[in-house]
Amino acid sequence: MEHNQEEKTIQIAGSITVDELAGALGLSVTELIGTLFKNGIVATINQRLDFETAQIIIDELGFKNVKLEKKNTATKTSDIHHELSDKAVSRPPVVAVMGHVDHGKTTLLDTLLNKKTVEKEAGGITQHISAYQLERDGRTITFLDTPGHEAFAAIRQHGAQLTDIVVIVVAADDGVKPQTIEAINFAKSANAKIIVAINKIDREGADIDRTKADLSNHGLQPEEWGGDITMVPISAKLNQNLDQLVDMILLTSDIEELKADIDIPAEGLVIESHMETGKGSVVNLLVTGGELKTGDFIVAGKTYGKIRTMLDWRGKPKGKATPSTPVTVTGFKELPDFGDRFVEVNDEKTARKMALLNAQAAADESASANVTSTDLLRMMNTADNSKVFNVIVKGDVLGSVTSVVDSLKMIDTHGEITLNIVSTGVGDINENDVYMAAGEHTVIYGFNVNVPINISKMAARDNVPIRTYKVIYELLDDAKHEMENLLDAEVIEEDKGEMKVLGVFRTEKTQIIAGGEVLKGDVKPNYLVKIMRNKEEIGEAEVSSTQKEKMDVKELVAGETGGLALKTEHKTDLQIGDRLKFFTREIKKRTL
């Protein structure tokens, strides 16, 4: 169906109801719902559709002249944006250290900061964004240690967005890997300056020139080859050339002339949040403007609080934090979301009101109330008998939960399995999680969290599986295995041969003795057989024995005439002239 009409622009503020879309398109609601239904989409009058979904529907309905536009509905928090004033002062660079797992990012930071964290990480993999500061010659550099495993793409993307300079760590003996490419792409999308640290130059097999060539093939041209990317060969383990790397970071920072205002209300980003017994919500912030002080009221997304305590990256009390400084604070009423922007306000009343406004705006755009484009495509393409895999995800911090959920959604099930996230949360697995998981088969995944003994007993009683992991890809492997168990097994049939029936010697309830000529392939005991009459299948049987000149043989081949015994489940009337098609059938467990 194609609708020709004058050009029209529909503005969508986050989402639009079916009713509103019908009105904007000049259709009756009944007509729009009916048309959606014909396209396999069951929608109600008040259902909210996000921007992409509305676009798909308009394309499906053939509205060629309708243009969609995103209408800006900035909430008060996201509305507060300061252009730099002429009073702006220099600030430290924020440097994200990125790269492939095992290429030495955390070792590099440990050596620079004289700390030891590698042993603490499960499997040597950084699990969260951690923020540190290095003092060098009276100057400060803020480092963000970002996870290297592909499962942490969500966290790493936020990491790049917080960043001025990205140090991409590449092992000289291993070269460019998938997460190296991801880090390059994130750095470019965040408009961050890139410095490459070619690590592990002390290793046997290290080849600096080959690594540079590898990087130049991925769009990073070294300065010494006429490009604009500084590449510093280092050994993080042996503390080789790290001073040179730090000098390059400071030089790049000087060229960029990084500045921030400090005489404005404090603002910045939430880089981590979790609950701690006795402290409540513990939130890691990165200040990007103003000065944050103990006692300030701040709003982040749907929540707010008064800063009760503030610690620096080493865990020491800090009275105030200036731009580019990471701090850990307590005092938020609830956990803010990872990646939320925070702003300082004058008093609690303003904070509460702004958090409420943000919550209302989020509700308007909430995907839970909307049909998203992913849901829409699933509704249009998924068969009614698709399987559902229910999961509850609990993590130690919000960033982990986000990454686990995002990674689970990335498991490709070819549209055969629908992933249903029943609930998510931060903290240990509790009674409520087990209640929610009981009934429908639901797996509770815990990431870096504990399962109290009473909860473990309760789950065993209710047959609720609880799986806890410290390394994310082990969790994903388990989820993949669970999903594979839901897939219907694949039936593989292989044609083996064909025979023309020349004689029927005996027909019993469960056995037929017959003879004929093998036209192609071969016939062996245990082959399955389809009995065909005039191209129509009239029964199925199994070959129990083959004979030639009244002697049992292992097989009959094309061109031979012989006899065979067929095992049948019920009496089949085999006749001369029927064709027997022989095949094998294998039931194969499917994998993703």
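Predicted model: local features only at pLDDT ≥ 70, side-chain atom pairs only at ≥ 80, totals over all residues.

I'll start with helix α7, residues 178-189.

Which residues of α7 are buried? They are Gln179, Thr180, Ala183, Ile184, Phe186 and Ala187. Around the axis they take up an arc of only 165°, which means that they sit on the same side of α7. Pro178 and Ser189 are exposed, on the other side of α7. After the helix comes Asn191, and its phi is positive, near 55°.

Now some context for the chain as a whole. The protein chain has 15 helices and 33 strands. It has 592 residues, of which 48% count as buried. If you take contacts between residues at least 6 apart in sequence, 71% of them join residues at least 24 apart.

Next, helix α14, residues 453-461. Here the buried residues are Ile455, Met458 and Ala459. Looking down the axis of α14, you find these buried residues within an arc of 100°, so they line one face of the helix. Turned away from that buried side is a face with the exposed residues Ile453, Lys457, Ala460 and Arg461. What covers the buried residues of α14? The cover includes α13, residues 431-437, and β25, residues 466-469. This helix is followed by Asn463, which has a positive phi, near 55°.

On to helix pairs. The pair to look at here is α1, residues 18-25, with α2, residues 29-38. Their axes are 9 Å apart, and the packing angle is about 110°. An angle from 65 to 115 degrees counts as roughly perpendicular, so that is the term for α1 against α2. On the α1 side, the contact is made by Val18, Asp19, Leu21 and Ala22; on the α2 side, by Val29, Leu32 and Ile33. Sorted by class, this contact of α1 with α2 has six nonpolar residues, no polar ones and one charged.

The other pair is α5, residues 105-113, with α9, residues 242-256. At what angle do they pack? The angle is about 90°, and the axes are 11 Å apart. That makes α5 roughly perpendicular to α9. From α5, the residues involved are Leu108, Thr111 and Leu112, and they meet Leu242, Leu245 and Val246 in α9. By class, the contact of α5 with α9 has five nonpolar residues, one polar and no charged ones.

Last, a single residue, Gly399. This glycine lies in helix α12, residues 398-409. Is Gly399 buried or exposed? Its relative accessible area is 0%. Buried means under 20% relative accessible area, so Gly399 is buried. Along the chain, Gly399 and His274 are 125 residues apart, yet their C-alpha atoms are separated by 8.9 Å.

As for the pairs, α1 is roughly perpendicular to α2, and α5 is roughly perpendicular to α9. That is what I have; I'm happy to take questions.

How values were computed: Residues numbered from 1 in each chain as written. Heavy atoms only, no water. Axes fitted to C-alpha atoms, helices over the stretch in contact; angles between N-to-C directions. Helix = DSSP H or I, 4+ residues; strand = E, 2+ residues; numbered from the N terminus. Parallel < 35°, antiparallel > 145°, perpendicular 65-115°, else oblique. Contact = heavy atoms within 4.5 Å. Nonpolar A, V, L, I, M, F, W, Y, C, P; charged D, E, K, R; others polar. Buried < 20%, exposed > 50% of the residue type's maximum accessible area, 1.4 Å probe, protein only. Arc of directions from axis to C-beta.
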